[in-house]
Amino acid sequence: MTESRVFLRKSETNELVESSLLDEVTDHHLAMWNGSWRPAMEAYCAGRVLRDKPEDHHWDWKWKANEWRPLLGYHSFAIVCENDLQGLMVASDFKSARLQAQFGKPIVYVEFVATAPWNRPELQNPPRYRGVGTVMVAAAVELSWDLGYRGRIGLHSLPKAEPFYRESCGMTELGKDAAHQNLMYYEMTDNQAERFRQK
Amino acid sequence: MKNMKLDYPKKWYENRIALEGDAEIGAGTPPGIQAKTLAKSNVTRIDTRIAFGTFVALWRRNRGWDAAKLAETAELDTEEILEIERDPHCEPEPDAVYKLARVFGLSPKPLLELAGLIEPTTPRLREEAVRFAARSESVAALNDREREAFEAFVSAISEPA
Amino acid sequence: MTESDKRTMTLNLTAREMAVLEQLAAAKDLSKTGVMRLALRLLQAVDSKIRMGQKLMFEDEKSKEKSELVLI
């Protein structure tokens, strides 16, 4: 497991704080998810009807861990800052690009990514930390580079996150995907990845 | 792959995090969740949900299990099991239905339909569910009539759609 | 690729297999090693799904016709 030094912005002080990006979600991270992330999500959801709950409220990271852990083609990432888990991501590396310009070439596909409940303005305003999405996209792009995929990545965005992937990350929108809950599908080309890394 | 190192300067984060702002960032669906079977709208069908609750209760009683034992096996809370069994107004989590389907050895689709989480497409599901709920009562032990109803219902929802 | 504990092996391929490997390397914009590693990860992922009782299906995008690829 490798630890990279990354930064998140802490709302309380408006300063960039040093954080750790780990390229493997361990039992310790899942215990943190179970101990703080999950109860925070449950507390927010209590008494709310389905449409008012966060789109990922039912995701059970612990239960799914054994499915992807033994597989070479899946890569998991955790962000830890000030002793608490701030974000989780699982990506796979054997799916192919759909965008015409890179059709059929392998991409890093973000299977699922989420930030901790206290980092979401919808649940807590101001959020504790900002930047989890940025660090996770950077990790996916970097993994793509390491694999020889030139930074190509793809993902299905939850509806409220579409502006982030389209505008902030500069990815190409390929339309809603009926096979994935009608979620909008996005891809980053090698050129877009290059711009993302430089900005 | 292990040992991936991210090595961007602090300035990069400053610029990039400013672009992220207060945006939501969630993407994807966890592996294992059959995304396309989950409908966007919540279909409330109290009658099938009564059958779903009764089915869960009878399944465990048929095994001689209490709610705690089923909860432990399915990795759910006992309260969640009791809520599913007793409160047809309670909307079960899709994940809970997947976990129960796994324990029951059944396809999740008809159970998601019964739970009112997806539009029903299984033929005669609603009729079977109402007939099953009407023939079953939540008393201590399964009597022969209940067992017969339970087994007939299992075979009805096990048929390929 | 930064993984440190790598192992090296010699791979004997027929001329046809090598031609396919070269063609895939060009199409996928990968080295031949990259293609072999991708194939390994893909096979492991597919195999694990099949072991869990799932099927590998192909769907024709236009007709929506489904066909199963039987691997075992």
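How many residues of chain B are in contact with chain A? In this predicted model, 40 residues of chain B are in contact with 67 residues of chain A, where contact means heavy atoms within 4.5 Å. Residues are numbered from 1 along each chain as its sequence is written, and chains are lettered from A and ligands numbered from 1 in the order in which they are written. Local features need pLDDT of at least 70, side-chain atom pairs count only at pLDDT 80 or more, and totals for chains, interfaces and linings use all residues, while side-chain values use heavy atoms, with hydrogens and water left out.

Together, chain B and chain A bury about 5,100 Å², of which 58% is on carbon and sulfur atoms; buried area is the accessible area (1.4 Å probe) that two parts lose on being put together, summed over both. Between the two chains there are 17 residue pairs in polar contact, both residues at pLDDT 80 or more. A polar contact is a pair of N or O atoms within 3.5 Å; within protein, one must be able to donate a hydrogen and the other to accept it, and residues adjacent in sequence count only if both atoms are side-chain atoms. On the side of chain B that touches chain A, the elements giving two or more residues are α1, β1 (27-28) and α5 (94-104) of chain B. Helices (H or I, at least four residues) and strands (E, at least two) are DSSP runs, numbered from the N terminus. The largest share of this side, nine residues, comes from α1(B). By class, the side holds 16 nonpolar, eight polar and 16 charged residues; Ala, Val, Leu, Ile, Met, Phe, Trp, Tyr, Cys and Pro count as nonpolar, Asp, Glu, Lys and Arg as charged, and the others, Gly among them, as polar.

Helix α1 (residues 10-20) of chain B also meets helix α3 (residues 132-146) of chain A: their axes come within 8 Å and cross at roughly 115°. Axes are lines fitted to C-alpha atoms, for helices over the stretch in contact, and angles run from 0 to 180 degrees between N-to-C directions. Residues making this contact include Val132(A) and Ala138(A) of α3(A), and Trp12(B) and Arg16(B) of α1(B).

Two salt bridges are counted between chain B and chain A, each being a side-chain nitrogen of Lys or Arg within 4 Å of a carboxyl oxygen of Asp or Glu. The side chains of Asp22(B) and Arg130(A) meet in a salt bridge at 2.5 Å, N to O. Over all chains, the count comes to 19 salt bridges. Asp22(B) lies in the loop between α1 and β1 of chain B and Arg130(A) in strand β6 (residues 129-130) of chain A, so the pair joins two chains.

The backbone also deserves attention. A cis peptide bond joins Asn125(A) and Pro126(A), and Pro126(A) lies in the loop between β5 (106-115) and β6 of chain A.
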